[in-house]
Amino acid sequence: MEAGDFKDFAKAMTDYIAEYLENIRDRQVVPSVKPGYLRPLVPEQAPQQPEPWTAVMADIERVVMSGVTHWHSPRFHAYFPTANSYPAIVADMLSGAIACIGFTWIASPACTELEVVMLDWLGQMLGLPEQFLARSGGEAGGVIQGTASEATLVALLGAKARIMQQVKEQHPEWTDTEILSKLVAYCNKQAHSSVERAGLLGGVKMRSLKPDNKRRLRGDILQEAMDEDINKGLIPFYVVATLGTTSSCTFDALDEIGDVCMSRNVWLHVDAAYAGSAFICPEYRYLMKGVEKADSFNFNPHKWMLVNFDCSAMWLKQPRWIVDAFNVDPLYLKHDQQGSAPDYRHWQIPLGRRFRALKLWFVLRLYGVENLQKHIRKHIALAHLFEKLCSSDDRFEIVEEVTMGLVCFRLKGSNEINEELLRRINGRGKIHLVPSKIDDVYFLRLAICSRFSEESDIHISWEEVKISADEILALK
Ligand code: PLP
């Protein structure tokens with residue numbers, strides 16, 4: 001493809017994208033295709049001769065859109081949001097054009113340096129303590145990981161490197177295998193599945209602790225578990241505190257957990273994958289009280305801060321534990337400026353990395369902090385609107401306090417009736433929700449996901465819930 005065709009293709013695609021997003025509300029939120037729908041729609045083999053771009057454009061609706069779940073539709077209420085905005089889309093175009101692999105500073109200085117500065121901007125927006133920021137002048141700083149799951153694993157590996165070194169100093173006679181078999185990490189039973197997975201991948205025990213009756217991991221619960229393990233000769237070394245659990249968006253008692261971790265020299269990682277974006281609004285920062293006691297902090301601008309996937313922001317007070325843990329230094333990756341700027345290859349699992357800071361830069365500049373705050377506040381207000389509608393119908397109950405853009409609710413009654421409710425709601429195809437279950441109580445989760453959502457959309461979603469409830473209760 002030559003530049004002339006590229007310009008035409010890109011212009012046509014830009015028009016298509018704007019049209020798609022602005023009218024997304026009118027599409028069926030989940031497609032009605034069956035597995036295997038796509039193969040018959042495309043040839044068996046790749047074409048030998050080039051096709052015109054217009055042929056590709058002509059196939060987008062037929063082949064792709066017919067099988068797309070529209071995550072950005074105001075009718076989509078499943079999981080947690082994933083972000084989408086025009087500035088981030090344009091930034092990804094530029095990133096695709098530069099197409100550098102920024103594994104070291106010299107591999108593309110702008111790629112590294114913009115990331116360092118953007119993570120400082122973002123850290124200040126969240127009110128993170130200076131000890132996390134590169135501008136503090138020490139070794140601390142931020143990095144863009146692909147996902148929160150990677151951040152949890154990377155932090156675990158850093159914590160593991162730190163404890164291994166400390167224990168070896170105290171017990172030079174112990175082998176690595178002996179030490180490893182004693183290590184134990186902790187999280188809330190309600191932590192995301194990626195935390196359990198980090199334990200598996202890191203080859204250490206991960207204990208999921210039963211939270212209090214508000215689904216929060218508390219300091220005393222953690223302390224008791226650690227004492228129990230220490231008495232068994234085990235070595236607590238890593239804790240993940242979740243701010244905004246996936247099932248019901250509750251917040252671990254970070255301040256209390258921080259005290260326990262600090263008193264025992266245990267690495268504390270904060271997973272605020274979804275809810276972290278809300279900390280750009282000062283009124284929600286009470287939920288991260290104690291953050292200064294953490295060693296690492298992560299949240300996903302790609303969830304709720306209008307930066308398209310993938311952009312998971314992680315800060316480390318002492319990145320040296322990760323940098324040293326992952327340091328393999330072949331000659332072909334060395335450069336003369338080593339040590340004067342981060343070489344991000346040491347801060348992550350893969351070697352390669354895209355120029356992701358561009359989309360943060362574009363979004364922060366083209367929205368400004370104030371509009372991002374408005375976005376968060378609007379979503380939370382819409383969640384409260386749904387909560388109000390639901391609470392005003394005495395057939396329903398709200399299962400968890402609504403603090404962010406998620407409402408957990410159910411029909412009063414059995415799990416079966418609620419399973420049937422969800423089947424009917426999703427079966428009608430107008431809106432899409434997923435369920436969750438805590439302590440054997442099955443409930444529905446309604447997340448505000450789309451940046452296009454308005455109050456009128458919430459009323460439509462509530463009507464959809466009510467129609468299905470009416471049907472079920474009429475059968476009883
Ligand atoms: N942690 C929490 C609390 C989450 O809610 C999620 C996903 O929803 C994750 C981690 C995983 O996020 P990622 O897909 O970025 O790994």
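Modeller: A residue counts as buried when its relative accessible area is under 20%. The model is a predicted one. Ile-448 has a relative accessible area of 0%, and is therefore buried. Its place in the chain is the loop that runs between strand 11 (441-447) and helix 14 (455-475). Leaving aside residues up to four places away in sequence, Ile-448 touches His-77, Pro-81, His-379, Leu-382, Ala-383, Gly-405, Ser-453 and Ile-458. Leu-406 lies 42 residues from Ile-448 in sequence, yet the two C-alpha atoms are 6.4 Å apart in space.

Turning to the ligand, 14 residues surround it, and the closest are Ala-148, Ser-149, Thr-246, Asp-271 and Asn-300. Of the residues in this shell, three are nonpolar, nine polar and two charged. Several side chains place polar atoms by oxygen atoms of the ligand. For Ser-149, a polar side-chain atom is 2.4 Å from a ligand oxygen; for Thr-246, the corresponding distance to a ligand oxygen is 2.9 Å. Lys-303 has a side-chain N or O atom 3.3 Å from an oxygen atom of the ligand. On its own the ligand has 390 Å² of accessible area, and the protein covers 87% of this. Two or more residues of the shell come from each of helix 5 (148-170) and helix 10 (301-304).

Conventions:
Residues are numbered from 1 along each chain as its sequence is written. This is a predicted model: local features need pLDDT of at least 70, side-chain atom pairs count only at pLDDT 80 or more; totals for chains, interfaces and linings use all residues. Side-chain values use heavy atoms; hydrogens and water are left out. Helices (H or I, at least four residues) and strands (E, at least two) are DSSP runs, numbered from the N terminus. Buried means under 20% relative accessible area, exposed over 50%, partly exposed in between (1.4 Å probe, protein chains only). Contact means heavy atoms within 4.5 Å. A residue is near a molecule or strand if one of its heavy atoms lies within 4 Å of it. A polar contact is a pair of N or O atoms within 3.5 Å; within protein, one must be able to donate a hydrogen and the other to accept it, and residues adjacent in sequence count only if both atoms are side-chain atoms. Accessible areas come from the Shrake-Rupley method with a 1.4 Å probe; for residues, only the protein chains shown count as cover. Ala, Val, Leu, Ile, Met, Phe, Trp, Tyr, Cys and Pro count as nonpolar, Asp, Glu, Lys and Arg as charged, and the others, Gly among them, as polar.
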